[in-house]
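Me: I have a structure open and a few things to ask about it. Can we go through it piece by piece?

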Amino acid sequence: MAYKIIASACTACAACEPECPNDAIVEKNSVYAIVTDKCTECVGHFDDPQCLAACPADSIAVDKSVPRYAA
Ligand code: SF4
Ligand code: SF4
């Protein structure tokens, strides 16, 4: 499992980007995305996903297309 940014809901506010302990959030041409391979669901760093907590637009969700991260 990883988290993903729902592009249609994202306002490109950038609040999530500096919160990720794995630098998994990238911006290109003002479009933000989570690099699935780098997202560890914040396991080992924080109790809760930091990007989710930081997002004021409720535009980050679980990406159910990938398996749960195993530390
Ligand atoms: S859940 Fe954590 S590791 Fe994954 S993108 Fe969000 S802040 Fe980064
Ligand atoms: S915090 Fe939410 S609205 Fe802001 S850039 Fe990240 S995903 Fe988009």
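Me: Which residues of strand 3 are on the covered face, and which on the uncovered one?
Reply: Y32 and I34 make up the covered face of strand 3, while V31 and A33 are on the uncovered one. Strands here are DSSP runs of E, at least two residues long, and helices are runs of H or I of at least four, both numbered from the N terminus. In a regular strand the side chains alternate between the two faces of the sheet.

Me: Before I go on, what kind of model is this, and how is it numbered?
Reply: This is a predicted model, where local features need pLDDT of at least 70, side-chain atom pairs count only at pLDDT 80 or more, and totals for chains, interfaces and linings use all residues. Residues are numbered from 1 along each chain as its sequence is written, with chains lettered from A and ligands numbered from 1 in the order in which they are written.

Me: OK. What does strand 3 pair with?
Reply: Strand 3 pairs with strand 2 in the antiparallel sense, over four bridges; pairing requires at least two DSSP bridges between the strands. In that pairing, I25 stands opposite I34. The hairpin of these strands has two residues between them, and N29 takes a positive phi near 55 degrees there.

Me: And the overall layout?
Reply: The protein has one helix and four strands, in the order β-β-β-α-β along the sequence. Its radius of gyration is 11 Å, close to the 11 Å that the globule rule gives for 71 residues, so the protein is as compact as a globular protein of that length. That radius is taken over C-alpha atoms, and the rule is 2.2 Å times the number of residues to the power 0.38. The C-alpha trace spans about 30 × 25 × 20 Å along its principal axes.

Me: How much of the protein is buried?
Reply: Buried residues are 24% of the 71. Buried means 20 or more other C-beta atoms within 10 Å of the residue's own, exposed means 12 or fewer, and partly exposed is in between, with C-beta atoms placed from the backbone.

Me: What is in the largest nonpolar core?
Reply: It has 13 residues, and Y3, C16, I25, I34, C51 and I60 have the most contacts inside it. Strand 1 (2-5) and strand 3 (31-34) each supply at least two of its residues, and the largest share, three residues, comes from strand 1. Such a core is a set of buried Ala, Val, Leu, Ile, Met, Phe, Trp, Tyr and Cys residues joined through C-beta atoms within 7 Å.

Me: What does I60 touch, sequence neighbours within four places aside?
Reply: I60 is in contact with Y3, I5, C16, C51, L52 and C55. Contact means backbone-placed C-beta atoms within 7 Å.

Me: Switching to the ligands. Which residues come nearest to ligand 1?
Reply: C20, C39, C42, P49 and C51, out of 15 residues around ligand 1. Near means a C-beta atom, placed from the backbone, within 6 Å.

Me: And ligand 2?
Reply: Ligand 2 has 14 residues around it, the closest being C10, C13, C16, C55 and A57.

Me: Why does D47 count as exposed?
Reply: Because D47 has 7 other C-beta atoms within 10 Å. D47 is in the loop between strand 3 and helix 1 (50-54).

Note on methods:
Contact = placed C-beta atoms within 7 Å.
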